Amino acid sequence: MLNVAFWLSSCTSSAIRKIAPPLIVFKEQTMEKIDHPFVQKFSDFWAAPTLEGVSTLVHDEAIFIQPLSKPLLTSEYHKYFKSVMKVSPDIHGEVIRYSESENSNGLFIHWIMKFSIGSCQKEVSAVDIINLSGGKVTNRTVHMDLLPVLGSILIRPTVWFKWAKFILETSRL
């Protein structure tokens with residue numbers, strides 16, 4: 001019940017928001033300076049993502065693991081990302097913080113993904129666990145809670161077809 005109240009309050013009418021106010025409010029601080037070259041490239045990419053930009057970040061044989069999808073290889077991920085851009089052309093993100101291993105080849109990047117579902121603006125907190133080789137991703141595992149996204153889709157029949165098409169396209173990869 002609490003999760004339902006949270007996603008309802010995040011993107012619905014003011015009448016519903018009065019009934020179900022946000023349960024937790026986080027104050028995030030943005031990063032003023034990024035000292036790691038890959039994290040800077042990641043941040044620049046997600047500020048204005050493009051299909052071509054994916055290639056600048058990843059090896060040709062990288063592995064991508066994310067919610068609601070089987071593990072993808074780089075060629076499959078390019079197709080997946082193309083579908084993401086079709087369903088949510090305004091998608092972008094902002095790096096909040098990061099942590100790196102002693103040899104700088106392992107990273108944790110906490111970032112906020114922002115996009116629209118119909119007229120509703122959504123923000124999803126994500127943590128990427130990234131392994132690098134030669135400054136490019138060889139393995140990326142992203143953790144995020146997609147339940148609020150699914151809820152926003154379900155209460156908006158006008159976007160069902162668009163998102164159903166996305167699910168069908170990406171399930172065939």
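**View 1. Helix α3 gives the most to the lining of the largest cavity, with 4 residues.** This is a predicted model, in which local features need pLDDT of at least 70, side-chain atom pairs count only at pLDDT 80 or more, and totals for chains, interfaces and linings use all residues. Residues are numbered from 1 along each chain as its sequence is written, and side-chain values use heavy atoms, with hydrogens and water left out. Helices (H or I, at least four residues) and strands (E, at least two) are DSSP runs, numbered from the N terminus.

**View 2. The largest cavity has a volume of about 110 Å³.** Two or more lining residues come from each of α3 (37–47), α4 (51–57), β1 (58–65), β5 (120–133) and β6 (136–144). On a 1 Å grid over the protein atoms alone, a cavity is a set of points where a 1.4 Å probe fits but cannot get out; a pocket is an open set with protein on both sides within 12 Å along at least five of seven lines; lining residues have an atom within 4 Å of a point. Grid points are joined across faces, edges and corners, and a volume is the space filled by probe spheres set on the points. The lining of the largest cavity has 13 residues, with F42, L57, V58, Y77 and R140 nearest its centre. It divides into 11 nonpolar, no polar and 2 charged residues (nonpolar: Ala, Val, Leu, Ile, Met, Phe, Trp, Tyr, Cys and Pro; charged: Asp, Glu, Lys and Arg; polar: the others, Gly among them).

**View 3. The structure holds 11 aromatic pairs.** W46 and F81 have ring centres 5.8 Å apart and planes at 80 degrees, so the pair is edge-to-face. Rings of Phe, Tyr and Trp (its six-membered ring) pair if their centres lie within 6.5 Å; planes under 30 degrees apart count as stacked, over 60 as edge-to-face and the rest as tilted. W46 sits in α3 and F81 in α5 (residues 74–87), so the pair ties together parts 35 residues apart in sequence. W46 is buried at 6% relative accessibility; F81 is buried at 2% (buried: under 20% relative accessible area; exposed: over 50%; partly exposed: in between; 1.4 Å probe, protein chains only).

**View 4. Y77 and Y80 both lie in helix α5, 3 residues apart.** Both are buried. Ring pairs link a cluster that includes Y77, Y80, W111 and W163.

**View 5. The second largest pocket has a volume of about 600 Å³.** Of its 30 lining residues, P67, Y80, V84, L146 and F166 are closest to the centre. The lining divides into 23 nonpolar, 5 polar and 2 charged residues.
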